[in-house]
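My plan is to look things up one at a time and write down what I find.

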Amino acid sequence: RIDNQVDTILQDYTPPELIRVYTPGAVLQDYTQDGDPIYCERIGSADSPEMIRRFGEDHLVKHAIWIRELISNGEWVQDYEQRMGRPVKQIVVVEDLAGLSYSHLDRHVLQAFQKIT
């Protein structure tokens, strides 16, 4: 967390608009049967090889950290807690693999994913 400045990343980092376009994902408006929020990330439609070429591996990793912090600590969490009358217990993450192809097996993409996980 210290090496990647995770504790302040939501305040210190704003992803370029193009990266946000290339990495579609969102907290859905609906909830699970238990009332837990759902986050859907469309990995298969993300153009990871192009993002690495344009922005570099380090920036892609930073963006992935920013997304995970936004999911777990973003402003939406307070809205959820007020609306539901309880704290977030868990977040269900759906990884949509539709569109996944051999281009996602690019050596640079796999190295970046390894750093992210």
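I start with a term: buried means under 20% relative accessible area, exposed means over 50%, and partly exposed lies in between (1.4 Å probe, protein chains only). By that rule Trp76 is buried, and Tyr80 is buried too.

**Ground rules**

I am working on a predicted model, where local features need pLDDT of at least 70, side-chain atom pairs count only at pLDDT 80 or more, and totals for chains, interfaces and linings use all residues. Residues are numbered from 1 along each chain as its sequence is written, and side-chain values use heavy atoms, with hydrogens and water left out.

**Entry 1: the chain**

I looked up the overall layout. The protein chain has six helices and three strands. Helices (H or I, at least four residues) and strands (E, at least two) are DSSP runs, numbered from the N terminus. Along the sequence, the pattern reads α-α-β-β-α-α-α-β-α. The C-alpha trace spans about 45 × 35 × 25 Å along its principal axes. Of the 117 residues in the chain, 32% are buried.

I then turned to contacts, meaning heavy atoms within 4.5 Å. Among contacts with a separation of 6 or more, 74% join residues 24 or more positions apart.

**Entry 2: aromatic rings**

How many aromatic pairs does the structure hold? I found three. The rings of Trp76 and Tyr80 have centres 6.2 Å apart and planes at 70 degrees, so this pair is edge-to-face. I noted the rule: rings of Phe, Tyr and Trp (its six-membered ring) pair if their centres lie within 6.5 Å; planes under 30 degrees apart are stacked, over 60 edge-to-face, and the rest tilted.

Both Trp76 and Tyr80 sit in helix 5 (residues 75-84). They are four residues apart, about one turn of the helix. Ring pairs link Tyr31, Trp76 and Tyr80 into a cluster.

**Entry 3: the largest pocket**

Next I searched for pockets. On a 1 Å grid over the protein atoms alone, a pocket is an open set of points with protein on both sides within 12 Å along at least five of seven lines; a cavity is a set where a 1.4 Å probe fits but cannot get out; lining residues have an atom within 4 Å of a point. Grid points are joined across faces, edges and corners, and a volume is the space filled by probe spheres set on the points.

The largest pocket holds about 310 Å³ of space. Its lining has 18 residues, and Glu41, Ile43, Arg68, Phe113 and Ile116 lie nearest its centre. Strand 2 (37-41), helix 3 (48-55), helix 4 (57-73) and helix 6 (107-116) each give two or more residues to this lining. Helix 4 gives the most, with five.

I sorted the lining by class: ten nonpolar, five polar and three charged. Ala, Val, Leu, Ile, Met, Phe, Trp, Tyr, Cys and Pro count as nonpolar, Asp, Glu, Lys and Arg as charged, and the others, Gly among them, as polar.

Glu41 lies in strand 2. Its relative accessibility is 11%, so Glu41 counts as buried. Beyond residues up to four places away in sequence, Glu41 touches Pro24, Gly25, Ile67, Arg68, Val94, Glu95 and Asp96.

**Entry 4: the second largest pocket**

This pocket has a volume of about 240 Å³. The residues lining the second largest pocket include Arg20, Tyr39, His63, Trp66 and Trp76. Helix 4 gives the largest share of this lining, five residues. By class, I listed eight nonpolar, three polar and one charged.

**Entry 5: the nonpolar core**

A nonpolar core is a set of buried Ala, Val, Leu, Ile, Met, Phe, Trp, Tyr and Cys residues joined through side-chain atoms within 4.5 Å. The largest one has 15 residues; Ile9, Tyr13, Ile52, Leu60, Ile65, Trp66 and Ile67 touch the most other members. Which element gives the largest share of this core? I found helix 4, with six residues.

Leaving aside neighbours within four places in sequence, Ile9 contacts Asn4, Lys62, Ile65, Trp66 and Glu69.

**Entry 6: two last residues**

Is Gln5 buried or exposed? At 52% relative accessibility, Gln5 counts as exposed. Gln5 lies in the segment before helix 1 (9-12). Gln5 and Ile65 are 60 residues apart in sequence and 9.6 Å apart in space, C-alpha to C-alpha.

Gly74 lies in the loop between helix 4 and helix 5. Its relative accessibility is 5%, so Gly74 counts as buried. Gly74 and Met51 are 23 residues apart in sequence and 24 Å apart in space, C-alpha to C-alpha.
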